[in-house]
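The following account is a guided reading of a single protein model.

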Amino acid sequence: MKDGDWKEKDVRSGEIIFSSIATEWHSHPEADAVETVEDEADFPEEEIVGGGEDFLEAAVVIVGDEEASQEEVDEEPHRHAGIFVARGKEDMLVTKNLCPGESVYGEKRISVENSSGADDNVSKTEYRVWNPFRSKLAAGVLGGLDEIFIKPGAKVLYLGAASGTSVSHVADIVGPTGTVFAVEFSHRSGRDLINMATHRTNVIPIIEDARHPLKYRMLVSMVDVIFADVAQPDQARIVGLNAHLFLKVGGGVVVSIKANCIDSTAAPEAVFAREVTKLREERIKPLEQLTL
């Protein structure tokens, strides 16, 4: 894909999720402190944009009761590896529970029976419903992002981890062979993040300032993808700082941009265009843009 030959799926509301790929790096100076924000804001249902042509038609989440429960359904793989679609009374986006029997934020759990061998041994696999109204990444998947770069075995740097709602699902996706480095500045949210990570050992919680990646450089290895949801005016610069230190050449970047947090006086379209330009200056080539 040529630089500039990227897809802008919609620019109607004040928030987008942005997928890009790293090209080459140059040195970047350090900066000052920033507080990352939670990634769990509720989104009005009408703002979820329909999927692309190659998106599974029936993979539409209908949010149900969030109390932990189990029911018998069929599951099938989503086109993004590590994500599944549960077929039942309602079709739901789900991830395979890394810690069966446990929920993270009171999300609904479902189980699927698997029979194997001539002895008809039956085993159960547990999945957790991924609510797109509490996770921007899930909303992006439902909206039809062609590439999220997060897959089984991947190493992910998650900026703006908050209390770990979306991080827990990313941990499910990458599985036991992958790693999620979750950075959160707020100590209050960080306590919940650390508590979640005690059960999901592939999550490494880092309670630190995302503008100072050198402070946690000894904890983070080179990663395959960076997901950023820090909602700060200099978010592109924060992503660049971390990408120059930790992202592999050719690695992926997924950024959630909230226009009001960047510039509340400008039109969302203008804000998004400026952020794309800033990311290009950081040697991050845009691939697609989706409005939430």
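In this predicted model, Asp263 and Arg274 form a salt bridge in which the closest N and O atoms are 3.2 Å apart. Asp263 belongs to the loop between α5 (259-262) and α6 (268-281), whereas Arg274 is part of helix α6, so the pair ties together parts that are eleven residues apart in sequence. Asp263 counts as partly exposed because its relative accessibility is 22%; Arg274, at 34% relative accessibility, is likewise classed as partly exposed.

Across the whole structure, twelve salt bridges are found. One of them joins the side chains of Asp229 and Lys136, with an N to O distance of 3.1 Å. Since Asp229 sits in the loop between β11 and α4 and Lys136 in helix α1, the pair ties together parts that are 93 residues apart in sequence. Asp229 has a relative accessible area of 1% and is therefore buried. Lys136, with a relative accessible area of 2%, is buried too.

Among the buried residues of α1 are Leu137, Val141 and Leu142. Just after α1, Gly144 adopts a positive phi of about 105°.

Helix α2 (residues 165-174) is also mostly covered, with ten of its ten residues buried. Its buried residues include Thr165, His169 and Asp172.

The side chains of Asp172 and Arg200 meet at 3.3 Å, N to O. Asp172 lies in helix α2 and Arg200 in the loop between α3 and β10, so parts that are 28 residues apart in sequence are tied together by the pair. Both Asp172 and Arg200 are buried. These two residues also belong to a network of salt bridges that links them with Glu107 and Arg128.

Phe84 and Tyr127 are both buried.

A further pair consists of Tyr216 and Phe246, whose ring centres are 5.8 Å apart and whose planes stand at 20°, so the pair is stacked. It links distant parts of the chain, 30 residues apart: Tyr216 is in the loop between β10 (203-207) and β11 (223-228), and Phe246 is in helix α4 (residues 235-246). Tyr216 and Phe246 are buried.

Finally, the second largest pocket has a volume of about 190 Å³. Its lining includes Glu102, Tyr105, Arg134, Thr165, Asp192, His199 and Arg200. With three residues, helix α3 (residues 187-197) gives the most to this lining. By class, three nonpolar, five polar and four charged residues line the second largest pocket. The pocket lies between domain 1 (15-23 + 132-291) and domain 2 (74-129), because both domains give residues to its lining.

Notes. Residues are numbered from 1 along each chain as its sequence is written. This is a predicted model: local features need pLDDT of at least 70, side-chain atom pairs count only at pLDDT 80 or more; totals for chains, interfaces and linings use all residues. Side-chain values use heavy atoms; hydrogens and water are left out. Buried means under 20% relative accessible area, exposed over 50%, partly exposed in between (1.4 Å probe, protein chains only). Helices (H or I, at least four residues) and strands (E, at least two) are DSSP runs, numbered from the N terminus. Rings of Phe, Tyr and Trp (its six-membered ring) pair if their centres lie within 6.5 Å; planes under 30 degrees apart count as stacked, over 60 as edge-to-face and the rest as tilted. On a 1 Å grid over the protein atoms alone, a cavity is a set of points where a 1.4 Å probe fits but cannot get out, and a pocket is an open set with protein on both sides within 12 Å along at least five of seven lines; lining residues have an atom within 4 Å of a point. Grid points are joined across faces, edges and corners, and a volume is the space filled by probe spheres set on the points. Ala, Val, Leu, Ile, Met, Phe, Trp, Tyr, Cys and Pro count as nonpolar, Asp, Glu, Lys and Arg as charged, and the others, Gly among them, as polar. Domain bounds come from an automatic or database domain assignment. A salt bridge is a side-chain nitrogen of Lys or Arg within 4 Å of a carboxyl oxygen of Asp or Glu.
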